[in-house]
Amino acid sequence: MKSFKTYRVGDNFKLADIDPGDTPFLAGSDDAQKKELDALAVQLDVLQNLLHAEGRRKVLLVLQGTDTSGKDGTIRWVFSRTTPLGVRVAAFKAPTDEEKARDFLWRCHAVVPRNGELAVWNRSHYEDVLVPVVEAWIDKDVTRKRYAQINDFERLLTENGTVIVKCMLHIGKEEQRVRLQSRVDTPGKQWKFSPDDLIVREKWSAYQRAYSRALAATSTGYAPWYVVPANSKLHRNLMIARLLVKTLTQMNPTAPPANPALKGLVVK
């Protein structure tokens, strides 16, 4: 089995070198893997409760990926057993006029995690070095400045007690075709489909290059990127659940010490 290190973005990184069909974190039967995912979800709940009780640090999970890569599904399954009060999800859509009137990181500051909180960003500030790059709304100089500003922003967060986990959900072009077709063919899923999805799909190669460059420029020691092979939904969920559990276990959150004033107190 490969380690997380294999999929951590480092020197000489190229997204094309990683097979979206890889399943290094799958082992055993589907039933066994689903049971493991449920066990990880329970473990994550315990660790998040301790993080909340400790009330000093916070975790930010960034989920990026092309259309149909499974950001919603990841959140649904990885946090299926987690107390809702301890997890907050923020979805980043196209910026509003109010947001566009300010710097591109302005809207991010408002939704960073609080002490004791685990925040999940469904898309993120990285949209501002993907869409504008592919559409040629910003040039290379502005793009490089945005990479540097993102690194500074994430360093600010980590220096103030935020542990950042960044996952790029990596699917193949054919897998995306299958998932988009499924949305078209399934009445209950058609609301997820937009004709704009097909326009974006025509720019697949340009987006893959933009992702590759952005990940390479912003994977740092304090906020590394992990590429998650995501053609298999179960593999995607297991890999991210394991990564989060590993991260929180290493943080070792602990509840506050017992309050001596409560010793001997009897509730009647």
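## Close-up views of a predicted model

**View 1. Helix H10 and the residue that follows.** Just after H10, Asn252 takes a positive phi of about 55°. Helices (H or I, at least four residues) and strands (E, at least two) are DSSP runs, numbered from the N terminus. What you are looking at is a predicted model, in which local features need pLDDT of at least 70 and side-chain atom pairs count only at pLDDT 80 or more, while totals for chains, interfaces and linings use all residues. Residues are numbered from 1 along each chain as its sequence is written, and side-chain values use heavy atoms, with hydrogens and water left out. H10 itself covers residues 233-251, 19 residues in total, and spans 27 Å from first to last C-alpha. That is close to the 27 Å expected at 1.5 Å a residue (the expected span is 1.5 Å times one less than the number of residues in the helix). Of those 19 residues, 15 are buried, so H10 is largely enclosed by the rest of the structure. Here buried means under 20% relative accessible area, exposed means over 50%, and partly exposed lies in between, with a 1.4 Å probe and protein chains only.

**View 2. Thr68, between strand S1 and helix H2.** Find Thr68 in the loop that joins S1 (58-65) to H2 (71-78). Although Thr68 is not a glycine, its phi is positive, at about 75°. For background, most residues other than glycine have a negative phi. Thr68 has a relative accessible area of 9%, so it is buried.

View 3. Arg123 is not a glycine, yet its phi is positive, near 70°. With a relative accessible area of 18%, Arg123 is buried. Ser124 has 0% relative accessibility and therefore counts as buried. Leaving out residues up to four places away in sequence, Ser124 touches Val62, Gln64 and Phe92, where contact means heavy atoms within 4.5 Å. The C-alpha atoms of Ser124 and Phe92 are 5.6 Å apart, although 32 residues separate the two along the chain. Asp128 is also buried, at 11% relative accessible area. Neighbours within four places in sequence aside, the contacts of Asp128 are Phe104, Arg107, Ile138 and Arg146.

View 4. Tyr222 counts as partly exposed, with 28% relative accessibility. When neighbours within four places in sequence are set aside, Tyr222 is in contact with Asn151, Glu154, Arg155 and Thr158. Tyr222 and Glu159 are 63 residues apart along the chain, and their C-alpha atoms are separated by 9.1 Å.

**View 5. Zooming out to the whole protein chain.** The protein chain contains 10 helices and five strands. Its radius of gyration is 20 Å, close to the 18 Å that the globule rule gives for 268 residues, so the chain is as compact as a globular protein of that length. This radius is taken over C-alpha atoms, and the rule is 2.2 Å times the number of residues to the power 0.38. Along the principal axes, the C-alpha atoms fill a box of roughly 70 × 45 × 40 Å. Buried residues make up 47% of the 268 residues. Among contacts with a separation of 6 or more, 81% join residues 24 or more positions apart. The chain carries 41 positive and 31 negative side chains, and the centres of the two sets lie 4 Å apart. In that count, Lys and Arg are positive and Asp and Glu negative, with His and the chain ends not counted; each charge is placed at NZ of Lys, CZ of Arg, CG of Asp or CD of Glu.
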